[in-house]
Amino acid sequence: MRQKLEYLKETPSQTAGPFVHIGLAPGAAGFDIYEQELGTDIAGPNATGERIRIEGLVIDGIGSPVKDVMLEAWQANAAGIYAHPEHPGEVEEGFRGWGRVITDFDSGEWGFDTVKPGPVMGRNGQMMAPHINLWIVARGINVGLNTRLYFSDEDVANATDPVINLIEWERRRKTLIAQRVERDGAIIYRFDIRLQGDDETVFFDI
Amino acid sequence: MPKQGEFYQRDRERHPPALDRDYKTSVARSPKYSLISLENTASEITGPVFGHNDIAPTDNDLLTNYAQAGQAPVGERIIVHGRVLDENARPVPNTLVEIWQANASGKYRHKKDNYLGAMDPNFGGCGRTLTDENGYYYFRTVKPGAYPWRNWVNNWRPAHIHISVFGTGFAQRLITQLYFEGDPLIEKCPIVKTIPDPDAIQQLIAVLDMNASIPLDTLAYKFDIVLRGRRSTLFENRLEGN
């Protein structure tokens, strides 16, 4: 009898459902149970670099804002270093690089404050343009959706980014670019995510 | 051990597809275009690190973490325990496991839940813990009740606990649901059946574990979680600059 492969199989995904907030962001959902809520401060007070705010909507195939989403962000610091033991380099004290937000139950708007990440070395010595990795879960989403947010004022770096350039349909690349605006002296990047349709955001199988 | 490389690719046939018309909400919330496959970079191989400063030691005890002093939630007292492993069967230590669930009536402590089932003043319904050095975790809680939901007019979710796990890299990020051995609602549930592979569904069913039960106190269920494994960079090392 031939040999067997002894690998285990990954646990299958299931939707996070409509009440994901009570489990993963109870404080944001108005439910006071933990002393400390995780994921509310991505960069910490000591992070260097440009302070920015990301804002957006998640929009379904009908064009309606999705009001029960949870998003997680994972990013490098301004020097392009991830707060992880396998990534060479040091990050500022208190810089975690990870955050978690939920949408407003009425409007569907979400947003988070952070610092703009620096470029990170990619595969084969190719530099990646600054980006924030996003993971989106909600009722109706069976497996969390991965995407990347790039910045509209990084045209030169975006043009040679190896991941953006993997997208054969050039017209879809713009769905990953957050648009920079300034409001009352604050720097805002607008990033609407379209789950389905003609302007559908590019999602990755990472 | 050789340096760890990229994660094994996710077996998408083991996971639900984005679109399953029997789970109605997925119809307008599933991408129409294919996912773009990405070889791992530092962005996918790294992920957030959590420590004991982030959580309280009692956060894994849902019997007490919302109960008023001297009181306890109503319901079947259970331990849910198991290990977080990767596809190479290596334990995943110090990783964050978070859970949330309805109470014994099938009612969530959430303002959007308008089910008739009674709220329990001594039950919050969420918990979190870090796996130990062997990848082991446990929670104490009450067994959640089934509850109805608007999909077909008479759909009921089997008793379930939502589980969120991190692993070491953002590519391992996973949310799933734990079901209980013997529940006849499992095979009727459109959310369970988004998973096309019957063997994969079995992996979501926690088994009664009498050995871990505490006599005259608490029953136990065992539920192991498997995250994506990683290749060694023995034969191929193209993650230069990582």
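**Notebook: strands of chain A and the A–B interface**

I began with strand S10 (residues 177-183) of chain A, which is joined to S11(A) by five bridges and runs antiparallel to S11(A). Strands here are DSSP runs (E, at least two residues) and helices are runs of H or I of at least four residues, numbered from the N terminus. I count two strands as paired if DSSP finds at least two bridges between them.

I noted the conventions: the model is predicted, local features need pLDDT of at least 70, side-chain atom pairs count only at pLDDT 80 or more, and totals for chains, interfaces and linings use all residues. Residues are numbered from 1 along each chain as its sequence is written, chains are lettered from A and ligands numbered from 1 in the order written, and side-chain values use heavy atoms, with hydrogens and water left out.

**Sheet in chain A**

I looked up a bridge partner in S11(A): Gln179(A) has Arg190(A). The hairpin of S10(A) and S11(A) has two residues between the strands, and Asp184(A) takes a positive phi near 50° there. On the parallel side, strand S1 (residues 51-56) of chain A is joined by three bridges to strand S11 (residues 186-190) of chain A. In that strand, Tyr189(A) stands opposite Ile54(A).

**Interface of A and B**

I checked confidence before going on. The complex has an ipTM of 0.97 and a pTM of 0.97 from the predictor. Chain B has a mean pLDDT (the predictor's confidence in each residue, from 0 to 100) of 95, and 95% of its residues reach 70 or more.

I then took the contacts (heavy atoms within 4.5 Å). They involve 80 residues of chain A and 95 residues of chain B. The buried area (accessible area lost on being put together, 1.4 Å probe, summed over both parts) is about 7,800 Å², and carbon and sulfur atoms give 57% of that. In chain A, the residues that lose the most area to chain B are Glu10(A), Gln14(A) and Arg123(A), together 12% of what that side buries.

I searched for salt bridges (side-chain nitrogen of Lys or Arg within 4 Å of a carboxyl oxygen of Asp or Glu). One joins Arg173(B) to Glu72(A), with the closest N and O atoms 2.6 Å apart. Arg173(B) sits in the loop between strand S9 (160-165) and strand S10 (174-180) of chain B, while Glu72(A) is in strand S3 of chain A. Another is Glu86(A) with Arg230(B), at 2.8 Å, N to O.

S13(A) pairs with strand S2 (residues 36-37) of chain B in the parallel sense, over two bridges. Opposite Asp205(A) stands Ser37(B), in S2(B).

Conventions: Buried area = accessible area lost by both parts, 1.4 Å probe.
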